[in-house]
Amino acid sequence: MNLDIFFGCIPALMTPCKADRSPDFDALVRKGKELVAAGMSGVVYCGSMGDWPLLTDAERMEGVERLVKAGVPVIVGTGAVNTASAAAHAAHAQKVGAQGLMVIPRLLSRGQSVAAQRNHFKAILAAAPQLPAVIYNSPYYGYETKADLFFALRADHKNLVGFKEFGGADMRYAAEHMTSQDDVSLMIGVDTTVVHGFVNCAAVGAITGIGNVLPKEILHLCALSRAAAKGDAEARLLAGELSEALNVLSSYDEGPDLVLYYKYLMVLKGDAEYELHFNADDALSPSQRGYAEAQLKLFDAWYAAWTARTGAVQKYAA
């Protein structure tokens, strides 16, 4: 197994829509190739950012296969209500040549049952034994995987190689009790904790939402954070400044409207194919749009002035 897919900065791709609100896989592939060319290690598809609950299993699989055939390194999301569906996505990912799995807890049905979650995870891991996998903790999934279950699963499934954590205190728990050893990797699961994850928790990679909109800037933040994690005091100060400037834009990754916000910001950056959503009624309010646009303009102006003043881009290249 090649574990490199979990190292670096990895955007969670959103699914663009055609005029009839069907998935635009051509645009999806273009964006995936564009982000990898910009320096991203790979992509995640289809997690919550990809609107997986709104797609059919066949649509999700087509998106994965199209990305793989285009040469884009892909980590496949396995979110599902039904364990059989989750396992089918894992098996398909291995069959078509994806490079990793993001294992998501069982949703809605028996979500708080440890036994049900154990069996759900085992089915996914067993369906793609050749693919390295990370389990993802997020408050939206309603279940937290703790160290005892994680290591019990690892004992039977060697392809479970790491953990993706939403952030904050939970990320520190993961670092303290699961991932601070050579053969277990920690990934950052929310944009607001990139610096904390790399510096304080020894994360090896970050899954990003805002990185779809600002790839250069998020790659820069990750590079600064990795340098800070090695003890570079200047990089730590600069990473803190950049993280603070990104705070509002990054915080959209924490909320239920994250796809609405990031698609809108991508449109503002020139990606018109992200204008529509699968549900026609899904839309930001005029006030939300105005605030997001103002924050993007503010950040763009600040970043240009900041990099000119500090020389951080040249010294700390991604």
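Modeller: The model is a predicted one. Its open sheet contains eight strands, paired in parallel and ordered β1-β8-β7-β6-β5-β4-β3-β2. The edge positions are taken by β1 (8–11) and β2 (43–44); each has a single partner strand, so one side of each is left without a neighbour in the sheet. Within the sheet, strand β5 (residues 133–137) and strand β6 (residues 160–165) run parallel and are joined by five bridges. In this pairing, Tyr136 has Lys164 of β6 as its bridge partner. Helix α4 (residues 114–127) packs on the sheet, where α4 touches β4 (100–103), β5 and β6. The direction of α4 makes about 170° with that of β4.

The helix pair consists of α5 (residues 147–156) and α6 (residues 168–179), whose axes come within 10 Å and cross at roughly 45°. The crossing in which α5 passes α6 is right-handed. On the α5 side, the residues in contact are Ala147, Phe150 and Phe151, and these meet Tyr173, His177 and Met178 of α6. Classified by residue type, this contact of α5 with α6 comprises five nonpolar residues and one polar residue, with no charged residues.

Notes. Residues numbered from 1 in each chain as written. Predicted model: local features only at pLDDT ≥ 70, side-chain atom pairs only at ≥ 80, totals over all residues. Heavy atoms only, no water. Axes fitted to C-alpha atoms, helices over the stretch in contact; angles between N-to-C directions. Helix = DSSP H or I, 4+ residues; strand = E, 2+ residues; numbered from the N terminus. Left-handed = near helix turned anticlockwise from the far one by under 90°. Contact = heavy atoms within 4.5 Å. Nonpolar A, V, L, I, M, F, W, Y, C, P; charged D, E, K, R; others polar. Pairing = 2+ DSSP bridges.
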